[in-house]
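Here is a short report for a first look at a protein chain. Keep the sequence and the 3D view open while you read.

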Amino acid sequence: MLTEKENKMLEKLDFLEEKYQKLNQEISDPAVIADQAKWQDLMKEHAHMEPIIQKYKAYREADQAIADSKEMLADKSIDPEFKAMCEDELAEQTAQLATLEEELKILLLPKDPNDERNVIVEIRAGAGGDEAALFAGDLFRMYSRYAERQSWKIEILSSNILDLGGIKEINFAIQGQGAYSRLKYESGVHRVQRVPETESGGRIHTSTATVAVLPEADDVEVDLNPNDIRVDVYRSSGNGGQCVNTTDSAVRLTHIPSGLVVTCQDEKSQIKNKAKAMKVLKARLYDLEMQKQQSAISEERKSQVGTGDRSERIRTYNFPQGRITDHRIGQTVHQLEAFLDGEIDEMINALITTDQAKKLEQAG
């Protein structure tokens, strides 16, 4: 006998399956194909629904297999040896059905509308002077290597590289399917504990860097009035080629209503610098709007792993002990060198699993 909750889930799955079949017909309709914008939207919806429908199909097959096994076991004339075999199969099928049910619950959780977006990542050196800048550089390399492993594309938008090789601040875009869904958990304060190369006494220093992961905004989603933006151009400073340092190619955008300021000086072209700065500004404004919306549901926001306060210390990288600890979920992994080389999936998967468990508990 199914519970009311299970019945509701099956009703929702039946509804989605019917909708999926209609989508199959629509995306094959020549009239729809001719309207590329509409066809692309329908294809995205179809791709989102497909794993749910495939899992539901497996669920129904497992449910039918259980019914068949029970029917055979109800036969009084069944051979004892065959009966034992059927009982073993029934136990396996029951366990499989329970697993499929949990997987379906996760698939039916409301999706973050930003999950499939590209991202803009901002890393800034925090407390710790030169050591903090070196750690910010380590984090940039970590995310760069992770992006390479995912076959994602990276574009540096702006940077402030110090002579020692550390990074005071860097903004970069990552383009790739599901980039935000994987990296959104990285926002916050990252702390490093290690002995700096310049420390003769061998004392462990603690330094920090902040990471912000912003979903890239589409033009239509950000109401940006050109009159609200003050554009200043100036001569680039710091590392760079001759042209970068001798022409007024650097751009500073100030969004007057919000007070947000974005600078970019990496390119020789003022036009390119302005375009990159505008991309960052739009992402920050979109993120600002999201923060306002989420503040209305602050209790839910606090309970979710991936949407915490960016001033929160989220992770410690301890070099003497070769470990990384995420303080939000109490997860510790070792092999620190491999982690900083981009092998961060174990931690990200643990964060996703914890986030899903919290959402399932809330939905429960």
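The model shown is predicted. Start with Glu131, a residue of helix H5. Leaving aside residues up to four places away in sequence, Glu131 touches Arg194, Pro196 and Ser207.

Is Glu131 buried or exposed? Its relative accessible area is 10%. Buried means under 20%, so Glu131 is buried.

## The chain as a whole

Now step back. The chain has 364 residues, and 40% of them count as buried. It holds 11 helices and 11 strands.

Helix H5 covers residues 129-149, which is 21 residues. From first C-alpha to last, H5 reaches 31 Å. That is close to the 30 Å expected at 1.5 Å a residue.

Ser151 follows H5. This serine sits in the loop between H5 and strand S2 (153-161). Its phi is positive, about 60°, although Ser151 is not a glycine. Ser151 counts as exposed, at 68% relative accessibility.

## Another positive phi

Gln335 also has a positive phi of about 60°, and it is not a glycine. Look for Gln335 in the loop between strand S11 (331-334) and helix H10 (336-340). With a relative accessible area of 62%, Gln335 is exposed.

## Salt bridges

Side chains of opposite charge can pair when their charged atoms come close. How many salt bridges are counted here? The count comes to 28 salt bridges.

One of them joins Glu45 and Lys19, at 3.0 Å from N to O. The two residues are 26 positions apart, and the pair links distant parts of the chain. Glu45 belongs to helix H3 (residues 36-73), and Lys19 belongs to helix H1 (residues 4-26). Glu45 is partly exposed, with a relative accessible area of 25%. Lys19 is partly exposed too, at 35%.

## A buried pair and a network

Glu186 and Arg315 form another salt bridge, with an N to O distance of 2.7 Å. This pair also links distant parts of the chain, 129 residues apart. Glu186 lies in the loop between helix H6 (179-183) and strand S4 (188-194). Arg315 lies in strand S9 (residues 313-318). Are these two residues buried or exposed? Both Glu186 and Arg315 are buried.

Lys276 pairs with Glu267, and their closest N and O atoms are 2.6 Å apart. Lys276 has 10% relative accessibility, so it counts as buried. Glu267 is partly exposed, with a relative accessible area of 24%. Elsewhere, salt bridges share partners: Arg141, Arg145, Glu148, Arg149, Asp341 and Glu343 are joined into one network.

## Cysteines

A disulfide is a covalent bond between the sulfur atoms of two cysteines. How many disulfides does a search of the whole structure find? The search finds zero.

Cys86 counts as buried, at 2% relative accessibility. Cys264 counts as buried as well, at 1%.

Which residues make the nonpolar surface patch of about 260 Å²? They are Met72, Phe82 and Met85. Met85 is placed in helix H4 (residues 80-107).

Met85 has a relative accessible area of 43%. A patch takes residues with over 30% relative accessible area, so Met85 passes that cut-off although it is only partly exposed.

Terms used:
Residues are numbered from 1 along each chain as its sequence is written. This is a predicted model: local features need pLDDT of at least 70, side-chain atom pairs count only at pLDDT 80 or more; totals for chains, interfaces and linings use all residues. Side-chain values use heavy atoms; hydrogens and water are left out. Patches are made of residues with over 30% relative accessible area and no salt bridge: like charges are joined within 9 Å, nonpolar side chains (Val, Leu, Ile, Met, Phe, Trp, Tyr) within 5 Å. Accessible areas come from the Shrake-Rupley method with a 1.4 Å probe; for residues, only the protein chains shown count as cover. A salt bridge is a side-chain nitrogen of Lys or Arg within 4 Å of a carboxyl oxygen of Asp or Glu. Helices (H or I, at least four residues) and strands (E, at least two) are DSSP runs, numbered from the N terminus. Buried means under 20% relative accessible area, exposed over 50%, partly exposed in between (1.4 Å probe, protein chains only). The expected span of a helix is 1.5 Å times one less than its number of residues. A disulfide is a pair of cysteine sulfur atoms within 2.5 Å. Contact means heavy atoms within 4.5 Å.
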